[in-house]
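Please read it alongside the sequence and the coordinates.

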Amino acid sequence: TDYLGKIAAANATLNAFITVDGDKTLAMAKAADAARAAGNAGLLTGVPIAHKDIFCAEGWKTTCGSKMLEHFVSPYDAHVVEQCTAAGLVTLGRTNMDEFAMGSSNENSAFGAVKNPWDLNAVPGGSSGGSAAAVAARLAPAATATDTGGSIRQPAGFCGVTGIKPTYGTVSRYGMVAYASSLDQGGPIAQTAEDCALLLNVMAGHDSRDSTSLEMAREDYTRDLAKPLTGLRIGLPKEYFGTGLSADVAQAIEAALTEYKKLGAEVIEISLPRTELAIPAYYVIAPAEASSNLSRFDGVRYGHRAAEYSDLNEMYEKSRAEGFGWETKRRILTGTYVLSHGYYDAYYLKAQKVRRLLTEDFLKGFTQCDIIAAPVAPSVAWNLGEKSNDPVANYLADIYTLGVNLAGLPALSHPVGFGAQGRPVGLQLIGNYFGEARLLNAAHQFQ
Ligand code: GLN
């Protein structure tokens, strides 16, 4: 109830939540109390959590930030939600996001922009801006989020909180509205690495309903938290620290690396030579997959349907024209174009080859170091409205996060201080496949 009160007081300003349903939350809290009274409480029983509005939850509106799904009430739980509920977590509400997770500032939400709790003139980052803002403003101790090209790490960085995107295949995509299926991964946002580890223990796990869910033994992501960092080799990719990185961010990262050295780590320069190709490769592959995934929103099965139409085609056209926002339309058009006959080889196939090369760069990097440290974004959070009419400016700001998704690697962002205008700076730590525990270890020792 304390959190519900805080949300009621702050949400009109921050707009971090799209849906809050006090009755549902209180019913879950009661069930948690009953479990505790019966001696069935687990470690997280009764802990409140906010869910990104991309995860289907039975009986809850699941809008994905889109007018298309404004009235969609999910008939089932996503695997992530199912596991959170089974662990006794209490849903506080549904957090705001860029429409269909397409964006870096949360300004693409059909339900209005989210404000950054550190500075109400700043964006919170995206697409999981509502989750990051809710945690930063202490409206929730933790939140679920998703990361297709940076959407956990970048808003966590902009809002001064911690978030981790695990190795592709760790968290089931079942019931998570699909954006770009070969890149999408769920993960937690919380105050600390320790909280993220506890939540990832709940969110991860094999699920046969997602064909890319990995069949692996359950991990305990808290297992290495207390390990000393002596001898840890941190690689710094020189391409991530060149022109384009603003001085305040570079400075905060440098200070953090000094701290890591004091903790016993060794810092080594490495090279990820094809880094700049991540943006064109991602912005071909992600829209291609999105154009296919979003074809299901046809006004027939679910989602918005136009009020007036004279035949089936007109119903499709009007429903989609009315239901999707501009950025979503832009990606559907781009995706359809790059997949079309005659252009497939020039764009999509080439992007897939680049994806392979980017992965090879990372793997080579990991022969020289244990984890890679990098900025999350080229600058601190920008002003609301500053880039909202410039899609390319938004895409360019994703330079440091996209490669990780293209390669399927785990990466986290943890706060390391403040930059221009007192806005938070995050440090990105990238691990080799299944290296989550080590990333969380490093962040925990730092914190
Ligand atoms: N900013 C990127 C995009 O717009 C990443 C979004 C995400 O990770 N969901 O596609």
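Predicted model: local features only at pLDDT ≥ 70, side-chain atom pairs only at ≥ 80, totals over all residues.

Residues are numbered from 1 along each chain as its sequence is written.

**Overall**
- The protein chain has 14 helices and 11 strands. Both are DSSP runs numbered from the N terminus: helices are H or I with at least four residues, strands are E with at least two.
- Along the principal axes, the C-alpha atoms fill a box of roughly 65 × 65 × 45 Å.

**Helices α8 and α11**
- The axes of α8 (residues 278-293) and α11 (residues 345-365) come within 9 Å and cross at roughly 125°.
- Axes are lines fitted to C-alpha atoms, for helices over the stretch in contact; angles run from 0 to 180 degrees between N-to-C directions.
- Angles under 35 degrees count as roughly parallel, over 145 as roughly antiparallel, 65 to 115 as roughly perpendicular and the rest as oblique.
- On the α8 side, Ala278, Ala281, Val284, Ile285 and Ala288 take part; they meet Tyr347, Tyr348, Ala351, Val354, Arg355 and Leu358 of α11. Contact means C-beta atoms, placed from the backbone, within 7 Å.
- This contact has 10 nonpolar, no polar and 1 charged residues. Ala, Val, Leu, Ile, Met, Phe, Trp, Tyr, Cys and Pro count as nonpolar, Asp, Glu, Lys and Arg as charged, and the others, Gly among them, as polar.

**Helices α6 and α14**
- The axes of α6 (residues 193-203) and α14 (residues 436-446) come within 8 Å and cross at roughly 155°. The two helices are therefore roughly antiparallel.
- Ala193, Glu194, Cys196, Ala197 and Leu200 of α6 meet Glu436, Leu440, Ala443 and His444 of α14. By class, that contact has 6 nonpolar, 1 polar and 2 charged residues.

**Ligand shell**
- The ligand is surrounded by 13 residues, the closest being Ala101, Ser104, Thr148, Gly149 and Ser151. The cut-off is a C-beta atom, placed from the backbone, within 6 Å.
- The shell divides into 4 nonpolar, 7 polar and 2 charged residues.

**Backbone details**
- The Gly126 to Ser127 peptide bond is cis, with omega near 5°. Ser127 lies in the loop between β3 (90-95) and α4 (129-136).
- Cys64 has a positive phi, near 55°, and is not glycine. Cys64 sits in the loop between β2 (48-52) and α3 (79-86).

Note on methods: Contact = placed C-beta atoms within 7 Å.
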